[in-house]
Amino acid sequence: MPPPRTRGTALRQRLAELRGPDVPAKALDARALAALAANPGCARRAILDGAGVNKTALASALGAPSAFGQSQFALTRGNAFEAKVKADGGAELLRLVHEKLDRLAEPPAEARVPDLTATGPQGRTARTALELREAAAHPGAWTLLDHPMLALDVAGSPAFLEPDAVVVHPDGSWTVVEIKSFPLLDGSADPAKVGAAARQAAVYVLALEEVAARLDPAPRVRHRILLVCPRDFSNHPAASAVDVRKQRAVTARQLARLTRIEDIADALPEGTCFSPELPAEELTAAVESVPATYAPECLSACELAFHCRSRSRETGAVTSLGRAVRAELGGLTTVEDVLAAARGEAGDPSDPAVAALRRAATLRAEALEAACR
């Protein structure tokens, strides 16, 4: 077996080949990791994300462009709001952390805001770890890390993550801060958006826990994160404490289930490449060489969702109807199999799914007969 360094170098070279010549890698972010963890059985997304393939460009080249993403206006508004929250050395942000999460601590009259500038993601990750270690070694003061860089191992490949902020409390504990531009109306926000923010923050919590585990004693990573949003229709910041223990547990379990990217890459045909510059037929064949696990939830989380949905419908896969339906149908994996079982043409009568389908078909026939009388 080759040494880890040699194995890691070979994997990086293989992933670069999958992206295509001279194509820069698209970094994995927490949003992509949360979506990947929500569908750990999808080898296609795992290898594309692991290789740093730009799935937006890939989807367009396949003729099924993605239809989601933030507008430039939303990005500009979000950046302006974040800058306001962090102004004056993060005074307002720290006040919100103290108010919502740590009222017993001394109010943050002033805080340490270290410079995290470094070369490359590895350098920034090391600088962040150094500053976190420094803060842990000198408890009693507030520390604000603005856009720190964290690393998380995902299926054998490192992902570099950049939370909006991490706050070190006077007791030495660490809190993740998420700053979003959607509003808090009368103290509450859109549950779907809050849920997405919680799943994203859970990824940061996992990465922080890895940093903390390397320190002795290990600082406590708080499982209640601070979500900062505009209040009502103003640009004034408001905050809410969000417990992400459930999201953290689910994300950790799902990421652990991911097949190692190295194993997926080794199973691909020699010469496979996902460069959007390839001819359409060759690119489609390359993408189809990796199995996908499509579900309707992919439409709001993956750039390749429209392509995968089209292929799922062409093959009649029941997963295109949703995971709940797929779970109820047991070994019946295609719509054709389901219809044949309902008509009594196939399937084991002792199978609960087959029996339920035949009973439903009988009731439907009786209802239609009664309606025609």
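This is a predicted model: local features need pLDDT of at least 70, side-chain atom pairs count only at pLDDT 80 or more; totals for chains, interfaces and linings use all residues.

Residues are numbered from 1 along each chain as its sequence is written, and side-chain values use heavy atoms, with hydrogens and water left out.

A salt bridge here is a side-chain nitrogen of Lys or Arg within 4 Å of a carboxyl oxygen of Asp or Glu. By this rule the count is 22 salt bridges.

First, select arginine 112 and glutamate 131, whose side chains form a salt bridge with an N to O distance of 2.3 Å. This pair links distant parts of the chain, 19 residues apart: arginine 112 lies in strand 1 (residues 111–112) and glutamate 131 in helix 7 (residues 120–137). Helices (H or I, at least four residues) and strands (E, at least two) are DSSP runs, numbered from the N terminus.

Buried means under 20% relative accessible area, exposed over 50%, and partly exposed in between (1.4 Å probe, protein chains only). Arginine 112 is partly exposed at 31%, whereas glutamate 131 is buried at 8%.

Next, select lysine 180 and glutamate 178, which form a salt bridge at 3.3 Å, N to O. Lysine 180 is buried at 14%, and glutamate 178 is buried at 0%.

Then select aspartate 243 and arginine 245, a salt bridge whose closest N and O atoms are 2.6 Å apart. Is arginine 245 buried or exposed? Arginine 245 is exposed at 52%, while aspartate 243 is partly exposed at 33%.

Finally, select Arg44, Glu288, Arg311 and Glu314, which are linked in a network of salt bridges.
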